[in-house]
Every structure is written in C-alpha cells, then in structure tokens.
Amino acid sequence: MTNGWLRTAVMVGACAAPMMAQAHDVEGEAHGPAVVSFDWGAADTLAALGLEEHLVGVPHQAAPAYVAALAEGRADVGGLKSPDLEAIAGLAPELILITGRQSASQGDLEALAETRDVTLAEGDYFAALSDKVQALAAPYGAEAQASERLAALEAEIEAARASLADDLKAVVVTHNDGGYSLRQEPVIGELLGIDQPEVPASVEPVSHGSRTFTSLAPADIAAMAPDALFVVDRSAAIGDTPLDLAGLEAALAEAGGETIDVTVLTPDLWYLSGDGLQSVHAQLGDVVDSL
C-alpha cells in the first residue's frame, strides 16, 4: 500500500471527528460508547480490537458464520433492512452504526441515538479501511492497537500478493436467482492486484435508479477468458436457492470456457459483510486458498 492512496468514505470524515456519544463503562475495559451495529465489518473490527464488550446489539438473522459468536448473548436488533426500533430503544445505545441497507430507517434510528453510516465510498480501499478502523478505535483510546492490526493486515496482503501467479486474471460476479452480474471486489482487484479482463463490447450496462448493473451470460464470461471466476452467491446468502455450480461449469465449457476455474466464495461473508479487520482477513484467505 502507498501513502498516496486516498479513499473517501461516506462517514469516515464525520466518524474521525470526536464522537458526541456518552461514555459506556465496562469493567476492565476502555470507556467509550455502547454500540448497536448493523455493519458486520464494524462489529468484527471492534471484536478484533478487544472492544466487543461495548457491542450491545446486532441483527441476529443476518449474522454470517464467521461472526456468529458475536450474536450470542447480545440483543437482536432486527433485520438488515428492518431494524427493530423498540428493541434498540430498550438498549439505550449511545451509537448506532449503519450502512446503506438501513437508509430507509436512518431518520428513525437518529431519533434513538447518534447514528453513523460506515459505508465505504469509491476510491482507494486500504486507505479508507484504515480510516474506518481508526475511527472505530478512537472513542476507546485504541488507536495504537488499531495501527498494529492494520500493519499486520497490510503485511498479510503483501504476502498474499507475492504468493499469486503473475498476470493472473479473474472475473467476479454476483449470482442472483440464476443470473450473473459483474461485481467489483476491491479485496480481489485492489488488495490482491488481480486484473479483470475486458468485458465484451456486446455487453451493455443497464441502469436501475442510481445503480448500474452489467449482466453477464456464461458465454460472455467464457469470451473474457479469465483464469478464475469468483462467484458471490447472493441467493445463498439470503436463504434462496443457491447457485447450480455444475450447471454453470457446464455452460462455461459449452461456450469454450472449460479451463476457467470457478470458485463460489463464502456467501454470507462476501454478501453480508466486509470492510472489517476480520472480514478482510477471511476474504483474503477465501481467494488465496482457491488459487
């Protein structure tokens, strides 16, 4: 990583400022705000920094396996898109961490406690991740520990990059109900430095509101001729019918892509989480182990 990288986060600038939340006293722990988190990356970061005692509520039904233990003994605050306002009010948190999934409820949440959007915006990924981690650590005086964990993660990234073959190319797609759309994953493209082949000129992006999707058929993926295809299975992550891997591999082979190595990434990790010290570590392992 280079110091010149700069990634702006939706909330990082605000979160880096002193928090107005009251102190949360935990015996034997640093003082700081009691937190309800709808962002699993933020929750796993607090846990990685030894600050999980300040985490008082999380959405149980959306807990990825790697953080399932964080739901144990903590209040259930509803779904990712349907926060339980009554349950949150009963916890009297001093800080609520959200992402875009809770945007429709942001006003209601702000009426209960200081609410911060921890979504990362476009730009340099590791710089933004570092800002987010430090901003989460600051109210507890844990900046030095955050710096140590980030340095260890950066070293892990560099080692992972060095272990990969040169000129490796990969495509990442989201699977949803039998369809595939191109997905930009900074852990793969930026941190690991794996390039994406060009999309065929015949494929045109489609806009839905403020979002743009690039749908890809197996034949399109085969035409891109990547060494690896990584699939983030949204359907599996939300409890719908998962990807038919054998069917996808057969379709790729029929289109001339029989040499493409297909890996289904851990669905709940990649679709429901990310942007945290533990989640990025797990995502790096997911990719490197497959290669």
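## Sheet architecture

In this predicted model, four strands make up an open sheet of mixed pairing, ordered E9-E8-E12-E13, where two strands count as paired if DSSP finds at least two bridges between them, and where strands (E, at least two residues) and helices (H or I, at least four) are DSSP runs numbered from the N terminus. Strands E9 (179-182) and E13 (261-265) are the edges, each pairing on one side only, and neighbouring strands are turned by 30 degrees against each other on average, direction ignored. Strand E8 (residues 170-176) pairs with E9 in the antiparallel sense over four bridges, and Tyr-180 in E9 is the bridge partner of His-175.

Residues are numbered from 1 along each chain as its sequence is written. Local features need pLDDT of at least 70 and side-chain atom pairs 80 or more, while totals for chains, interfaces and linings use all residues, and side-chain values use heavy atoms, with hydrogens and water left out.

## Helices on the sheet

Helix H11 (residues 245-254) lies across E9, E12 (228-233) and E13, running at about 150 degrees to E13; axes are lines fitted to C-alpha atoms, for helices over the stretch in contact, with angles from 0 to 180 degrees between N-to-C directions. Helix H13 (residues 277-290) packs on the sheet, touching E12 and E13, contact meaning heavy atoms within 4.5 Å.

## Nonpolar core

The largest nonpolar core has 56 residues, and Ile-188 and Trp-270 are among those with the most contacts inside it; such a core joins buried (under 20% relative accessible area, 1.4 Å probe, protein chains only) Ala, Val, Leu, Ile, Met, Phe, Trp, Tyr and Cys residues through side-chain atoms within 4.5 Å. Helix H6 (residues 125-137) contributes the largest share, seven residues.

Notes:
Buried < 20%, exposed > 50% of the residue type's maximum accessible area, 1.4 Å probe, protein only.
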